[in-house]
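Here are a few friendly notes to read with the model open beside you.

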Amino acid sequence: MKIIISHDIDHLSVREHLFKDIVIEKYILWTLIEFIKRKIPYKLMIKKIISLFKKNGWNNINELLEYDKKNEIRSTFFVAVRNGRRINYSIENAVKTIKMIMNYGFEVGVHGIAYKNYNDIKEEYDIFKKISELESFGIRIHYLKNKENTFKLLSDAGYLFDSTIYSDKSEQIYTISGIREVPFHFMDTLYFDPLKNFSLFDIKKRTIDLLKRFIDQKKDYFCIIFHQRYFGNDFPEQKEWYKWFIEYCKKMNYEFIDFKTLIKKCL
Ligand SMILES: [Zn+2]
């Protein structure tokens with residue numbers, strides 16, 4: 001079994017959201033709901049609120065890069081080069097982050113905002129190409145937005161692959177409108193949701209059950225999305241799940257693989 005680890009970068013700081021959107025307000029509300037539903041203790045609720053004032057809150061890029069490198073995970077980071085749908089980090093911070101990821105030797109792609117208009121899609125492609133100086137790279141659209149013609153537009157813009165489609169039917173790599181689609185199978189936010197009553201134990205069990213189903217069906221790969229914001233001590237359950245998942249994959253001798261290598265193998 002091969003494992004693709006991908007990280008979508010939706011936030012690079014708490015501050016970037018001030019007076020621009022309602023991300024901080026939503027975070028506070030969710031923290032209160034989690035406390036009222038007794039999903040988190042009082043101490044953690046306070047810790048989560050205090051963490052909003054920390055200098056590098058919601059960044060965790062360094063920590064995650066170090067962790068992934070130490071564990072020899074060939075992860076892929078999707079970084080946005082345009083603002084939209086509550087992504088509000090500056091292009092300067094995006095550039096810094098893309099360079100930092102590349103310095104670590106990890107794969108990097110576009111976290112796309114545009115998905116309906118060709119010129120906007122192409123503009124994001126060109127901006128990212130200029131920053132990264134990469135010849136080929138992929139994309140995942142933020143909030144997994146897509147329309148019927150999105151894939152054709154991504155293909156026309158020049159993207160190597162797309163990984164926007166969530167498949168709960170364990171679908172594997174295929175071609176759609178001329179672009180390689182690499183569906184993903186697990187996303188942290190689908191499980192770590194205060195409105196759903198999953199304990200960390202439940203989520204680990206569901207993860208193992210999913211993996212076992214993939215192995216029974218002789219599937220080639222299992223792709224996950226883990227948002228880097230969750231690799232902080234203000235999200236202890238998410239962070240613990242990620243570390244547990246990596247350890248579990250290592251224990252089971254699963255192979256970590258990046259998108260480009262998988263695509264090359266399938267050509
Ligand atoms: Zn996103």
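1. Asn117 sits in the loop between strand E3 (107-112) and helix H5 (118-132). Helices (H or I, at least four residues) and strands (E, at least two) are DSSP runs, numbered from the N terminus. Asn117 counts as exposed because it has 10 C-beta neighbours inside 10 Å; the cut-offs are 20 or more other C-beta atoms within 10 Å for buried, 12 or fewer for exposed and partly exposed in between, with C-beta atoms placed from the backbone. Its C-alpha atom is 8.4 Å from that of Thr150, 33 residues apart along the chain.

2. A word on the source: this is a predicted model, where local features need pLDDT of at least 70, side-chain atom pairs count only at pLDDT 80 or more, and totals for chains, interfaces and linings use all residues. Residues are numbered from 1 along each chain as its sequence is written.

3. Ile91 belongs to helix H4 (residues 91-103). With 13 other C-beta atoms within 10 Å, Ile91 is partly exposed. Between the C-alpha atoms of Ile91 and Ile127, 36 residues apart along the chain, the separation is 9.8 Å.

4. Now the helix pair: H8 (residues 200-216) packs with H9 (residues 236-251) at an angle of about 30°, their axes 11 Å apart. That makes H8 roughly parallel to H9 (angles under 35 degrees count as such). Axes are lines fitted to C-alpha atoms, for helices over the stretch in contact, and angles run from 0 to 180 degrees between N-to-C directions.

5. Which residues of H8 and H9 make the contact? They are Leu200, Ile203, Lys204 and Thr207 of H8 with Glu237, Glu240, Trp241, Trp244 and Phe245 of H9 (C-beta atoms, placed from the backbone, within 7 Å).

How values were computed:
Angles under 35 degrees count as roughly parallel, over 145 as roughly antiparallel, 65 to 115 as roughly perpendicular and the rest as oblique. Two residues are in contact if their C-beta atoms, placed from the backbone, lie within 7 Å.
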